[in-house]
Amino acid sequence: MANILSQIIRGLRKVGHRVGDQIWRLGAGARLFFLTLTYSTECFRRPRLIVREMYFTGVMSLIIILVSAFFVGMVLALQGYNTLQKYGSSESIGVLVALALVRELGPVITALLFAGRAGTAMTAEIGLMKATEQLSAMEMMAVNPISRVIAPRFWAGVLSMPLLACLFSMVGVLGGHLVAVAQIGVDVGAFWSQMQANVEFVDVTNMLIKSLVFGVACTMIALFEGYDAPPTAEGVSHATTRTVVISALSVLGLDFILTSFMMV
Amino acid sequence: MDRSTIDLWVGVLVALGVAAFFALATKVGNLTASKLGETYTVTADFENIGGLKPRAPVKSAGVVVGRVDRIDFDTKQYEAVVSIKIDQRYAFPKDTFANIYTAGLLGEQYVGLEAGGDDELLKNGDKITQTQDAVVLEKMISQFLYNKASESNSDNKPTELKPEAPAAKSTELGDVPF
């Protein structure tokens with residue numbers, strides 16, 4: 001009896017410890033976020049730092065994002081045509097592709113790919129910098145690692161994400177155009193005019209807002225996981241895994257919250 | 001990697017992104033189409049607006065001439081008051097007829113304006129008096145059923161009177177020639 005009781009208590013203690021740990025990490029992440037904001041004046045004075053990081057996060061993610069956008073658009077057009085033609089409205093295929101891409105898939109898939117392509121790289125890089133004591137060396141030289149390492153990467157990620165989401169949506173629409181017009185034979189004029197009649201400018205600005213929020217979330221998670229990683233090979237690998245998992249979950253959760261605000 | 005090449009590539013990314021944004025705004029979205037110039041506002045009372053929503057198009061002869069600005073409820077007459085913004089370029093006579101139509105079978109609803117013949121034109125703040133409500137499907141179906149029922153009632157009566165009917169007819173026929 002006492003044995004079972006102690007086992008239950010041990011289980012509860014484990015749960016409590018994990019919950020407390022997560023709350024501690026959340027607070028530490030928020031603290032790093034505000035520290036990044038306060039220390040980001042230096043990287044605005046030296047925009048070259050941001051440009052350099054934008055090359056590694058934005059430009060390097062370009063190919064994976066453009067190629068997947070093209071395929072996503074083509075698949076949307078194929079699937080949409082399959083159902084729409086049953087109701088004799090295959091001209092609305094442009095509306096379906098554009099609305100799906102602009103409202104949801106553009107920002108969300110871009111953020112997921114970004115977390116996988118750029119976020120993991122950031123986490124691993126900063127984790128290794130920490131493991132090899134480069135961050136401590138910077139502090140020794142009176143260089144603030146947050147303003148020199150974290151802030152430029154943060155702003156590069158935040159700026160890259162909306163650009164990438166715009167490109168994703170546009171290339172996706174072009175992919176849908178290729179399948180709908182060239183392969184299936186939907187009328188070009190109907191494809192574009194129906195799209196323009198049903199996609200509002202608000203949808204485009206909402207897409208920008210969504211991708212900005214996702215940019216902040218994904219980049220901050222990646223940076224914090226790297227900054228917080230135990231300075232071992234195992235610690236860095238775990239941190240990289242956590243970056244992808246937490247980024248994906250928070251992007252999808254934030255997407256629900258943002259969408260419910262925008263649909264009012 | 002040389003620094004200037006990095007700058008070049010980031011520039012390419014930014015240029016492509018901004019171009020994609022403008023393409024989305026103008027080609028995919030309807031930033032240019034939805035822009036009305038100077039507008040004037042008129043109101044119209046409807047007993048039932050169906051599924052009409054703010055920002056719905058206002059069309060005349062199929063051409064978009066304005067947009068629904070807002071929809072209010074008049075608690076004195078229990079009617080919907082629809083404010084319509086019409087582009088200044090298009091003037092309509094005072095006795096213009098406002099209908100609520102549905103685009104396609106299940107499409108969105110819009111306001112259709114049919115110009116009348118009055119010499120006076122609608123001004124800012126005027127009210128369109130002649131309106132026709134939205135077609136509510138349930139009303140139409142119940143009316144249809146009601147008509148069917150009354151039709152079948154009138155069908156039944158002659159069958160009951162059938163034995164007498166030929167006699168009446170023959171007297172009618174018989175009376176006239178002689």
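Predicted model: local features only at pLDDT ≥ 70, side-chain atom pairs only at ≥ 80, totals over all residues.
1. The contact, which means heavy atoms within 4.5 Å, takes 27 residues from chain A and 23 residues from chain B.

2. On the conventions, residues are numbered from 1 along each chain as its sequence is written, while chains are lettered from A and ligands numbered from 1 in the order in which they are written. Local features need pLDDT of at least 70, side-chain atom pairs count only at pLDDT 80 or more, and totals for chains, interfaces and linings use all residues, with side-chain values taken from heavy atoms and with hydrogens and water left out.

3. Across the interface the rule finds 1 salt bridge, a term for a side-chain nitrogen of Lys or Arg within 4 Å of a carboxyl oxygen of Asp or Glu. The partners are B:Asp7 and A:Arg48, whose closest N and O atoms are 2.3 Å apart.

4. On the side of chain A that touches chain B, at least two residues are supplied by each of α3 (47-84), α4 (93-131), α6 (145-184), α7 (188-198) and α8 (201-228) of chain A, and the largest share, 8 residues, comes from α3(A). Helices (H or I, at least four residues) and strands (E, at least two) are DSSP runs, numbered from the N terminus. The residues of this side divide into 21 nonpolar, 3 polar and 3 charged, where Ala, Val, Leu, Ile, Met, Phe, Trp, Tyr, Cys and Pro count as nonpolar, Asp, Glu, Lys and Arg as charged, and the others, Gly among them, as polar.

5. Taken as a whole, chain A has 9 helices and 0 strands, and its C-alpha trace spans about 65 × 65 × 35 Å along its principal axes.

6. A search of the whole structure finds 16 salt bridges over all chains. In one of them the side chains of A:Arg25 and A:Glu225 meet at 2.5 Å, N to O. A:Arg25 lies in helix α1 (residues 2-38) of chain A and A:Glu225 in helix α8 of chain A, so the pair ties together parts that are 200 residues apart in sequence.
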